[in-house]
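My entries follow in the order in which I checked things.

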Amino acid sequence: MLGIVVFGCGAAVMVLELVGARILAPFFGTSMVVWSGLIGLVLASLAVGYWQGGRIADRRPSPGVLSGVIALAAALVAATAATKIPLLEFLATRAPGPRLAVLAAVLLLFAPAAALLGMVAPFAVRLSVRDAATSGTTAGRLYALSTLGSIVGTFAAGFFLIAACGTTATLLAVAGFLLLLSLLASRTGIKGKAAAAAVLLLSGLAIQATDQSLAAAGVADVDTAYGRVLVYSGMEPDTGRTLRIMTTGPLRCQSAIYPDAPSELALPYTRFFAMGYSLVPEPRRVLVLGGGGYAFARHAARNLPGATVTVVELDPGVTALARKHFGLADDPRLTIVHEDARTFVNRPGEPYDLIYLDVFGTDYLPPFHMVTREAATRLAALLAPGGAVVVNAIGAPQGTGGRFLRSLAATFATAFPDLAVYPLAGPEKAGEEQNVMLVARPEEGPGPVPTDAETRAFLTGRLDDPFGNDALVLTDDHAPVEWLGLGL
């Protein structure tokens, strides 16, 4: 029976850790800072648990004590499910810097339960040892069972649980599972187990009430195979018009449409994308890397007569939400490919006249492998003569916080003879964080003269020196995107 308990607790640790990464992502991203903080503190918590578990087991080698430890871990996991959102919202806005915010989040949400689960294996060894001559065999067997459980938990969480159930339901399931394991460990201490069950029940009811209130407000909160996505109604600050918004984090929206005029482009950067039509007259093949709500892709398919539009979107769950909430419908001139953008551009194919790079992680930085010199070279190889690559990025192109954007420009300049950088707020506000457009062309010299006055006026806002003296050319071998983006 102890073997089953050790195996199950080992599985629970890894499910908790992987779910933790998904819970932190909408608030702090998926950068190396987040993963390092999460893995490092969970390992530290397990180390504390191993040490304290062995000490307590020597003093009180009782199955009832072990059972109580597991029941307490179950209660803490259930409490994490109920408190994670308000706590993370507080830390995301109040903590002094992303590193401290991540460490505080892990310490408060995941470290206590991980430390308790770390106590299980040494405790079980102490209870199982009957003969010093076989103590090594006993310890090895139980730690092997714990590790096998961790392997099963890793695959279960990564391949099935999170995508099928979502993070909150997975946490509640882990709490219930741990409660059952505590009963397997010992039938004593019923009051403690009842208290843990009460915490689980109350957490479930609180979460259900929150979900019902969100649903009543028209908010869709979905865990896809790749991330947490929110769809909700908002308001455009300047005009007061209603927006339907898609986002993977609380700080910005990734896609938006006007529900009363879905054919219009609602976000300023997508309107600049539309200006790209005049940069390449009569494009025949258009590639959009990053689908999101598909607002721009549908606009291109409607407004470029005779052109075909291919959209590469990693997450099928995002596409499903776009169909449900953003009016995405089948179109013979719109092809959707569910694939990582880099693997798509790595393959040779027919050239495109216009390529739009609009891919972001949950921290609103692009995946590093899409902004390296090698990725830019592949984009250049897929570009037809006279074509253009338009890149959407976020940041301040000038000032101390703009090193990532300057590095992005320097990197694409290695593959494209002509590179222009346009801050959407204008060159006079280049020190402020904003959407920044990079336009890369395979030929030097002036391109086509836009016919509309708005595009001509906007193109006068090209930055004179987009590189600075601190730019780093990003490569597949060295691309510290998160480090540069956080200004570290």
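How many bridges join strand β6 to β7? I found four, between strands that run parallel, with β6 covering residues 308-312. In that pair, I noted Thr310 standing opposite Thr335 of β7.

I was working with a predicted model, in which local features need pLDDT of at least 70 and side-chain atom pairs count only at pLDDT 80 or more, while totals for chains, interfaces and linings use all residues. Residues are numbered from 1 along each chain as its sequence is written, and side-chain values use heavy atoms, leaving out hydrogens and water.

Next I traced the whole sheet, which is open and mixed, with seven strands in the order β7-β6-β5-β8-β9-β11-β10. I took strands as DSSP runs of E with at least two residues and helices as runs of H or I with at least four, numbered from the N terminus, and counted strands as paired if DSSP finds at least two bridges between them. β7 (334-337) and β10 (418-423) each have a single partner strand, so one side of each lacks a neighbour in the sheet.

I then turned to the helices, taking contact as heavy atoms within 4.5 Å and angles, from 0 to 180 degrees, between N-to-C directions of axes fitted to C-alpha atoms, for helices over the stretch in contact. Helix α11 (residues 295-303) lies across β5, β6, β7 and β8, at about 165° to β6. Helix α14 (residues 373-381) touches β5, β8 and β9, and makes about 145° with β9.

Last, I saw that α2 (residues 32-59) and α5 (residues 111-118) pack at about 40°, with axes 7 Å apart.
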